[in-house]
Amino acid sequence: MAPMSSIPEIDADELALRLAGGAFLLDVREPAEYSEAHVPGAVLVPLGELAGRVDEMPDDAAELMVICRSGARSLRAAEFLATTGRGAVNVAGGTLGWIESGREVVAGPERG
């Protein structure tokens with residue numbers, strides 16, 4: 001059996017609280033998925049581009065909230081971010097969990 005990840009996980013309720021407090025939310029899905037629906041304020045950096053764009057992550061954030069569709073890609077992204085010395089938190093349940101919680105989502109491409 002594989003060892004459990006040491007990456008902390010939160011649910012949609014906790015994410016909502018942290019976003020209200022100004023947390024940074026990284027969405028690691030593909031652009032088409034992001035355009036369908038995303039958490040308001042989420043910044044898109046697809047998982048496949050993260051290693052090359054890690055310098056775009058804010059240095060002043062104590063922790064980076066990381067979200068994907070259901071929680072698997074975001075866990076991999078959070079584990080990678082941890083290797084760069086950044087605090088990262090996986091959003092368990094991902095965007096689907098956020099939608100199922102009844103919270104607002106935004107459709108359309110990322111605004112630059």
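**Figure 1. Strands S1 and S5 of the predicted model.** Strands S1 and S5 run parallel and are joined by two bridges; strands are DSSP runs of E with at least two residues, helices are runs of H or I with at least four residues, and both are numbered from the N terminus. Two strands are taken to pair if DSSP finds at least two bridges between them. Glu 9 stands opposite Asn 90 in S5. This is a predicted model in which local features need pLDDT of at least 70 and side-chain atom pairs count only at pLDDT 80 or more, whereas totals for chains, interfaces and linings use all residues. Residues are numbered from 1 along each chain as its sequence is written, and side-chain values use heavy atoms, with hydrogens and water left out.

Figure 2. Five strands form an open sheet with parallel pairing, in the order S1-S5-S4-S2-S3. Strand S1 (9-10) and strand S3 (43-44) are the edge strands, each of which pairs on one side only. Helix H4 (residues 72-83) packs on the sheet and touches S1, S2, S4 and strand S5 (88-91); contact means heavy atoms within 4.5 Å. The direction of H4 makes about 150° with that of S4, where axes are lines fitted to C-alpha atoms, for helices over the stretch in contact, and angles between N-to-C directions run from 0 to 180 degrees.

**Figure 3. Strand S4 and its partners.** Strand S2 (residues 24-27) pairs with strand S4 (residues 64-67) in the parallel sense over four bridges. Leu 25 stands opposite Met 65 in S4, and Ile 67 in S4 is the bridge partner of Asp 27. Three bridges join S4 to S5, which also run parallel, and Val 89 in S5 is the bridge partner of Met 65. S4, H4 and S5 make a right-handed β-α-β unit; a crossover is right-handed if, with the strands pointing away from the viewer, the path from the first strand over the helix to the second runs clockwise.

Figure 4. His 38 is found in the loop between H2 and S3 and counts as buried at 5% relative accessibility. Not counting residues up to four places away in sequence, His 38 touches Asp 27, Arg 29, Thr 95, Val 105, Val 106, Ala 107 and Gly 108. Gly 41 lies in the loop between helix H2 (31-36) and S3 and is exposed, with a relative accessible area of 65%. The C-alpha atoms of Gly 41 and Val 105 are separated by 9.6 Å, although these residues are 64 residues apart along the chain.

Key:
Buried < 20%, exposed > 50% of the residue type's maximum accessible area, 1.4 Å probe, protein only.
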